[in-house]
Amino acid sequence: MVLEILLSILLLFRLRKTLRTFHPDKEWNRILNYALIGVAVLAVLENVLNIEYITKWMWHILLLGIVFIALKKEAFATDRTIIYAVLPLILLSLVGDLLKATTIPFFETLSHYMDYAYPVAITWMIALLVRSKKQQKLLLEERRKREEEIKEYQMMMERKAELERVVMERTAELVSQKEELEHAINDLRATQAQLVQREKMASLGELTAGIAHEIQNPLNFVNNFSEVSVELSDELQQEVTKLSIAEPEKNNLFHVIKDIRSNQEKINFHGKRADSIVKGMLLHSRKSSGQKELTDINMLADEYMQLSYHGLRAKDKSFNATLDKHYDETLGKINVVPQDIGRVFLNLFTNSFYAVTEKKQKKEEAGQPYEPVVSIVTKKLGGQAEIRIRDNGLGMNRDILDKIFQPFFTTKPTGQGTGLGLSISYDIITKIHGGQMNVNTKEGEFAEFILLLPA
Amino acid sequence: MKVLVVDDEKDMQTLFEQRFRKEIQKHEMDFVFAFSGEEALKYLKEHVHEAVLILSDINMPGMSGLELLRHIKHEFVPPPPVVMMITAYGDDENYQQCMQGGADDFLTKPLDFNLLKQKLKTIM
């Protein structure tokens, strides 16, 4: 019965191998292991107890069972060649045993011929096993290729993910660079606009200064000739007094001389007035040296408050506002660029007067009373000077407040504001003087700008 | 005392003559007028050491007051005459230039004649 034992072990090992390689299945693996143990136990029992007459049938059933399962179960499809290879041998052995078991004479003779069938079955088996081996090899090759492909695919996927990560990083880098550049360009544009504006102001200032100087030449004659004419009138009067003419005619002459004298005085008075205006203009348009010098902030603020108030009054005679001033006399002199700080004051006061004018107009239309007030308060705060410029005008809402220091932002109608006043002021206070500029406001109620300058 | 007034505006002559009419009548002062820097130089060359005082405008066509000042202070035999500059451009830069050029005084337009008379008296 050695043949059956060998075949059983061979087939079981084969099936188990197939299972492990292609279709890992715990349940079937266990069954096959038990079957192998069973075969070993059965082989030992057979030899020890000499019960071959029983076991040989068990071997046949076992083999048939294995063949049946191998042919039936899809997982073992690759092993069918082997099954077909050994099947004739199994059947031959079974038929031989069945024939031996019978006592029919015909079958007995037949069993002798059976011995000749064995070599055929073995040859068949060998041929099929060789073919199976080849198939197996091909199959394994195929499988190896498949696995390689999968590996390659996985590697490609990994590289793809890596590449995508790199691309994302680069994109983020580029986006941030682009944002930085945009920011820089915006800054440059704003700076350029401010420079242009400053240049305009500067050349306007020079022009004003030139005109103011030239006006002094004719004023020289107006003032001096009128003054000398007053003297000449007096001399004329003395001369007339000496004349011996009729009293009424003399009086008439005196009257005319008096009128001429008074006219000359008036010309002189108004000429001097023009002179003081021109001198004032020169004071404001003096070339910006850009140098910091010790400056009386109170005086500077007051000068520009008056200037912007009168500037507005010149345009609108009906305009009136209460100017509320609280100067801290202990403030002393501060090291600032007076032209620049003056420009800040001019901007802030002009805005304040604009805000109260607008509100006044609205209130008048609504028939409500309104008293415009623009105030300035200076205070010494430790090592700093605090300047508060406040108006009870229209104030600002959040949206506007966020943008007021941006260049070109203006709430004034087109052509009335450049939108650069506050942005330039902000730069002057923070960048040139290292100070602070803050705003307090309530829409419809008030606006207050607070400047802090290092004293 | 002879005073040379240099100014491109002809009215300056009338003004000075009226302003100083009493001094001229009393022969305390004698005025000569030139209407350009070149004219002033010509007069000075022809009448050496005659004019004691020169009042010159700065902004004039042709030779400016500053150039005239330099000629007077450098080319003439000492002692050079007193030179007062008169200008409508009373800024710092102009003042510095005049002082560097050797001007003895600096007056601005509109001219204050009372101040000028005082200054002349101290020189006399």
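These legends walk through a few close-up views of a predicted model.

In this model, local features need pLDDT of at least 70 and side-chain atom pairs count only at pLDDT 80 or more, while totals for chains, interfaces and linings use all residues. Residues are numbered from 1 along each chain as its sequence is written, and chains are lettered from A and ligands numbered from 1 in the order in which they are written.

View 1. The predictor assigns the complex an ipTM of 0.86 and a pTM of 0.48.

**View 2. Leu129(A) and its contacts.** Look for Leu129(A) in helix 5 (residues 105–242) of chain A; helices (H or I, at least four residues) and strands (E, at least two) are DSSP runs, numbered from the N terminus. Leu129(A) is partly exposed because it has 15 C-beta neighbours inside 10 Å; a residue is buried with 20 or more other C-beta atoms within 10 Å of its own, exposed with 12 or fewer, and partly exposed in between, with C-beta atoms placed from the backbone. Beyond its neighbours within four places in sequence, Leu129(A) is in contact with Ile82(A) and Ala85(A), where contact requires C-beta atoms, placed from the backbone, within 7 Å. Ala85(A) is 44 residues away along the chain, yet its C-alpha atom is 6.3 Å from that of Leu129(A).

**View 3. Where chain B meets chain A.** Here ten residues of chain B are in contact with twelve residues of chain A. Helix 1 (residues 11–19) of chain B supplies the largest share of chain B's side, four residues.

**View 4. The buried face of helix 1 of chain B.** Met12(B), Leu15(B), Phe16(B) and Arg19(B) are the buried residues of this helix. Seen down the axis of helix 1 of chain B, they fall within an arc of 95°, so they line one face of the helix; the arc is that of the directions from the helix axis to the C-beta atoms.

**View 5. Strand 4 of chain B and its partners.** Five of the six residues of strand 4 (residues 82–87) of chain B are buried. Strand 4 of chain B pairs in the parallel sense with strand 3 (residues 53–57) of chain B over five bridges; pairing means that DSSP finds at least two bridges between two strands. Leu55(B) stands opposite Met84(B). Strand 5 (residues 105–108) of chain B also runs parallel to strand 4 of chain B, joined by four bridges, and Phe106(B) is the bridge partner of Met85(B).

Terms used. Contact = placed C-beta atoms within 7 Å.
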